[in-house]
Amino acid sequence: MKYFQSAIRLGMTLMVAAGAVAVAAPLPERPEDIVFQPLSFDPPHAADYRQELASGVPVYLAPSSELPLVTITLSFKGGDYLDDPGKVGLARMTAAMMRRGGTAARSAEELDERFDFLAANVTVGSGGTQSVATLNTLASTLDEAFTLFMEMVRTPGFQEDKIGVYRAEALEQMKQRNDDAQNILNREWAALMFGEDHFEARQATERSIRSITADDLRAFHAKVLQPGNLIIGVTGDFDPRAMLDRLERAVSGWAHGERMPDPPAPDAPARVGVYHVEKDIPQGKVNIGHRGVTRDHPDFIPLMVMNDILGGGGFTSRLVSRVRSDEGLAYSVGSGLTTPVWYPGQFRASFQSKNRTVALAAKIIMDEINRIRTEPVSAQELETSKNSFIETFPRRFESRQAIIGTFIDDEWTGRDRNYWETYRDKVNAVTAEDVLRVAKEHLHPDRVAIMIVGNWSEIAPGDLEGRASMKDFFGGSVMRLPLRDPMTLEPMN
């Protein structure tokens, strides 16, 4: 009892002492007077994480004992851009059926049951340029889970009945393509920017999905998902030497193929003008923009700052302030840059507004694009934008999985190995003159496409006050795009 009383008295004494220290410390009168110490953060170096198997497969290792879990990621170069034009959807179906279609030695049901028993989370997916298989499992069951995972990756079964289920699901989803105006906008916009035949714009049809066979899946798997086209990342609770030995055994005897080529650049130029798809909805959905630059363009960082000030910085950006806060025309408005590595991406401003105020919101956006091309941004805007990039920079490396993911992507895309060490300095060096220069050089109000989905009879006249109408753009000329059949993507009469 005396022990507890003494402990309580000691605790109270420490609390009083701490309180006295806190009271004694000077407090600023206002929050903005608080002085924070500069953030000190050194980005990790890829070389500290990178290993290489005897076969030449790159491996990135980031061990940690924080949780008794291990995550293994197999990243393969190749995705939608490798689809044959007549079999669009092949890459995504291959990835899905690797996980859902069993293995050569066991049925899909047996594979699922075993993964569930091991509490292992296994995913396989494919996107535009990469296909990725991931295993997340307890460290205590790593040996069995990883063996099963590699069986799935190396020898998928592509079970016919599961392929049929996937095909039926895909076709059912296609039927809903025109239900959401945003889907229509995205589809038509991609075609305007990159051309209908480029993989950025291609979409699967009923015919392409029905044409894909198990043999097609096997051929794609053999070509793309092989160690000559592979980078491995591992994070979690493991011994690095033991993990490298495990990976060596896993790829032993696995035939190496060719590394996949880079994705192709689009052949078609971006379209210019006003385009419209009729849909009876109360709010029009709109994209405004044009082709842009690649990720490694010398102007990328000042363009990033310019876009942040214009419309990418949320509530601090000009588009949000003007279109949403000042005028109340749109709840969602902003701009963005997409910057692929192998070909120029796009600049795009987007919003949705009542049909009658679509023209006014579009006019304000065009005014702001012109303003940032002709007037220097303010010192406060510039400082806010640069600080947002500099101060959030450590979040890119906030977890080991994020670190490994960044380095894998950098290796696939050939990013300069010193990029992250100099990134903040380059952001900090951006001036108002730089922002004005890149806005003049890379924003082209006379070459934009304006893509609108909505009720044209309400959109065209503009707002009731007469501040803007669709005649204000390209002399009132508009190209009417027909709604596409959801299953064939052919124009509907």
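The protein chain, examined here as a predicted model, has 17 helices and 12 strands, where helices (H or I, at least four residues) and strands (E, at least two) are DSSP runs numbered from the N terminus. Residues are numbered from 1 along each chain as its sequence is written, and side-chain values use heavy atoms, with hydrogens and water left out. Local features need pLDDT of at least 70 and side-chain atom pairs count only at pLDDT 80 or more, whereas totals for chains, interfaces and linings use all residues.

Of the 493 residues of the protein chain, 48% count as buried, a term that means under 20% relative accessible area, with exposed meaning over 50% and partly exposed in between (1.4 Å probe, protein chains only). Among contacts (heavy atoms within 4.5 Å) with a separation of 6 or more, 82% are accounted for by residues 24 or more positions apart. The C-alpha atoms fill a box of roughly 75 × 75 × 45 Å, taken along the principal axes.

Strand 3 (residues 69–77) is largely enclosed by the rest of the structure, because 8 of its 9 residues are buried. Strands are taken to pair if DSSP finds at least two bridges between them; on this basis strand 3 pairs in the antiparallel sense with strand 5 over 9 bridges, and with strand 6 (residues 230–236), also in the antiparallel sense, over 7 bridges. Ser 75 stands opposite Val 132 in strand 5 and opposite Ile 231 in strand 6.

Leu 138 is placed in strand 5 (residues 130–138), and this residue counts as partly exposed because its relative accessibility is 32%.
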